[in-house]
Amino acid sequence: MSDAAESPRSTPSMERNVAGRGGRLSPVTADEAVSGIRSGDRVYVGTGAAEPDSLVEALTARAGSLRDVQVLQALTFQPTGAIVAAPT
């Protein structure tokens, strides 16, 4: 897991997106946006009205291919079925 003091790492798809647009970011789909999240990552999700519904749905759709992803959030408006606790 990454240390909080470390800079976020970029993925090849992120680098292509920036490099192919003269160094400027451009809009991507929710699936593309969460494609860089890997098992063991820690993800902060916006709170309340800032919660990105489409990104949460895209990340939830990848649940079967990810392990040990820590999702940090102070408040959610998502149905509780979107969050599955890991067995201890």
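The dialogue below goes through a predicted model and the reasons behind its labels.

User: What is the overall make-up of the chain?

Analyst: The chain has three helices and two strands. From the N terminus on, the order is α-α-β-α-β. Of its 88 residues, 23% are buried. Among contacts with a separation of 6 or more, 73% join residues 24 or more positions apart.

User: Which residues make up the largest nonpolar core?

Analyst: Nine residues do: Ala-30, Val-34, Ile-37, Val-43, Val-45, Val-56, Ala-58, Leu-59 and Leu-66. Two elements, α2 (30-34) and α3 (53-61), each give two or more residues to this core. The most come from α3, with three.

User: What makes this set a nonpolar core?

Analyst: A core needs buried residues of the nonpolar kinds, joined through side-chain atoms within 4.5 Å. The nine residues make up such a set, so the name applies. In soluble globular proteins, nonpolar side chains tend to be buried together.

User: What does Val-34 touch, leaving out residues up to four places away in sequence?

Analyst: Val-34 touches Leu-55, Ala-58, Leu-59 and Arg-62.

User: How do you know that the buried residues of α3 line one face?

Analyst: Start with the buried residues of α3, which are Val-56, Ala-58 and Leu-59. Seen down the helix axis, they fall within an arc of 165°, so they line one face. The face turned away from the buried side carries exposed residues, Glu-57 and Ala-61. On the buried side, the cover includes α2.

User: Why is Asp-41 called buried?

Analyst: Its relative accessible area is 13%. Buried means under 20%, so Asp-41 qualifies. Asp-41 is in the loop between α2 and β1 (42-44).

User: What lies 2.8 Å from a polar atom of the Asp-41 side chain, and why is that called a polar contact?

Analyst: The backbone nitrogen of Arg-38 lies 2.8 Å from that atom. The cut-off is 3.5 Å for a pair of N or O atoms, one able to donate a hydrogen and the other to accept it, so the pair counts as a polar contact.

User: What about Glu-51: buried or exposed, and where is it?

Analyst: Glu-51 is buried. Its place is in the loop between β1 and α3.

User: How do you know that Glu-51 has no salt bridge?

Analyst: The nearest side chain of opposite charge is Arg-62, and it is 17 Å away. A salt bridge needs 4 Å or less, so Glu-51 has none. The Glu-51 side chain does have a polar contact, at 3.3 Å, with the side chain of Gln-73.

User: Why is Pro-52 called partly exposed?

Analyst: Its relative accessibility is 26%. Pro-52 is in the loop between β1 and α3. Leaving out residues up to four places away in sequence, it touches Val-45 and Gly-46. The C-alpha atoms of Pro-52 and Ala-30 are separated by 9.4 Å, although these residues are 22 apart along the chain.

User: Why is Val-71 put in the partly exposed class, and where does it lie?

Analyst: Val-71 lies in strand β2. Its relative accessible area is 48%. Exposed requires over 50%, and buried requires under 20%, so partly exposed is the class for Val-71.

User: Which residues are in contact with Val-71, leaving aside neighbours within four places in sequence?

Analyst: Val-71 is in contact with Val-43 and Val-45. Its C-alpha is also 5.9 Å from that of Tyr-44, at 27 residues apart in sequence.

User: What makes the phi of Asp-68 worth noting?

Analyst: Asp-68 has a positive phi of about 55° although it is not a glycine. Most residues other than glycine have a negative phi. Asp-68 is in the loop between α3 and β2 (70-72).

User: Why does Asp-68 count as exposed?

Analyst: Its relative accessibility is 62%. That is over the 50% cut-off, so Asp-68 counts as exposed.

Terms used:
Residues are numbered from 1 along each chain as its sequence is written. This is a predicted model: local features need pLDDT of at least 70, side-chain atom pairs count only at pLDDT 80 or more; totals for chains, interfaces and linings use all residues. Side-chain values use heavy atoms; hydrogens and water are left out. Buried means under 20% relative accessible area, exposed over 50%, partly exposed in between (1.4 Å probe, protein chains only). Helices (H or I, at least four residues) and strands (E, at least two) are DSSP runs, numbered from the N terminus. Contact means heavy atoms within 4.5 Å. The arc is that of the directions from the helix axis to the C-beta atoms. Lys and Arg count as positive and Asp and Glu as negative; His and the chain ends are not counted.
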